[in-house]
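This report describes one protein chain for a reader who is new to structural work. Please look over the sequence and the structure before reading on.

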Amino acid sequence: MSVQERKQRERAERERLIVATARELAEQQGWDAVTTRRLAERIEYSQPVLYSHFRGKREIIGAVALQGAAELAAAVRAATAAADGPRARVAALARAYLDFAARNPAVYDAVFHLDGGLAFAHQDTPEPLKDAFAALLETLGEAAGDGVHPGVFTETFWAALHGLATLTRSGRLPPEYAEPRLELLVDRLTMV
């Protein structure tokens, strides 16, 4: 291995460490606790080293968001692949999405609530965000029904899931009705 390859590998490892540490700190104490100073202390590198990877917290949030979007896409695809039939796939997608949001609140915030400097629904949208939407579209597109644009249906269903995830987490929806809400959403919004 050349010196340059070793340095690139070490740089990539430091970047992964920064992102993993930011994510861990955010999950434990919230995004307000994630500062470049605290990250530098936790990873045992100086702040200038951290800034050589990311210009600031916004870019770190963006990196966590991209990682989270890829994980969400994988979770949705795994859940829908195990389901039998269109309705079961839609229900599995909804459960996987809501479970991801509940298990990873800081990551979910990075993807959908915080400014990570990432463009959504644009030409320059990063690939992990496009793929997360594609993972939803793969299942929801088949449930859209005749005469309904699959992308618009997917956006609408996604918005409903996002609302359920956000309102449940904030305590505005009673948890005992989580399953009936999910079933109602699947039954009323899908044509399968």
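Predicted model: local features only at pLDDT ≥ 70, side-chain atom pairs only at ≥ 80, totals over all residues.

Which residues are linked in a network of salt bridges? The network consists of Arg-87, Arg-95, Glu-179, Glu-183 and Asp-187.

## Overall architecture

The protein chain contains nine helices and zero strands. Read along the sequence, its pattern is therefore written α-α-α-α-α-α-α-α-α. The C-alpha trace spans about 55 × 40 × 30 Å along its principal axes.

Of the 192 residues in the chain, 39% are buried. Contacts between residues at least 6 apart in sequence were also examined, and 64% of them join residues at least 24 apart.

In soluble globular proteins, nonpolar side chains tend to be buried together. In this chain, the largest nonpolar core holds 51 residues, and Trp-31, Phe-157 and Leu-161 touch the most other members. Several elements give two or more residues to this core, among them helix H1 (3-29), helix H4 (57-81) and helix H8 (150-169).

Residues up to four places away in sequence aside, Trp-31 touches Ala-22, Ala-26, Lys-57, Ile-61, Val-64, Ala-106, Asp-109, Ala-110 and Leu-114.

The whole structure has 14 salt bridges. One of them joins Asp-109 and Arg-169, whose closest N and O atoms are 2.6 Å apart. Asp-109 belongs to helix H6 and Arg-169 to helix H8, so this pair ties together parts that are 60 residues apart in sequence. Asp-109 counts as buried because its relative accessibility is 15%, and the cut-off for buried is under 20%. Arg-169 is partly exposed, with a relative accessible area of 42%.

Arg-58 forms a salt bridge with Asp-115, with the closest N and O atoms 3.1 Å apart. Since Arg-58 lies in helix H4 and Asp-115 in the loop between H6 and H7, the pair ties together parts 57 residues apart in sequence. Arg-58 is partly exposed at 48% relative accessible area, and Asp-115 is partly exposed at 49%.

A further salt bridge joins Asp-131 and Arg-77, the closest N and O atoms being 2.8 Å apart. Asp-131 is in helix H7 and Arg-77 in helix H4, 54 residues apart. Asp-131 is partly exposed, with a relative accessible area of 29%, and Arg-77 is partly exposed at 27%.

## Surface and charge

The chain exposes about 10,600 Å², of which carbon and sulfur atoms supply 54%. There are 23 positive and 26 negative charges, and their mean positions are 5 Å apart.

Technical notes: Residues numbered from 1 in each chain as written. Heavy atoms only, no water. Helix = DSSP H or I, 4+ residues; strand = E, 2+ residues; numbered from the N terminus. Buried < 20%, exposed > 50% of the residue type's maximum accessible area, 1.4 Å probe, protein only. Contact = heavy atoms within 4.5 Å. Areas by Shrake-Rupley, 256 points an atom, 1.4 Å probe, with all protein chains shown as cover. Lys, Arg positive; Asp, Glu negative; His and termini not counted. Charge placed at Lys NZ, Arg CZ, Asp CG, Glu CD. Core = buried A, V, L, I, M, F, W, Y, C linked by side-chain atoms within 4.5 Å. Salt bridge = Lys/Arg side-chain N within 4 Å of Asp/Glu carboxyl O.
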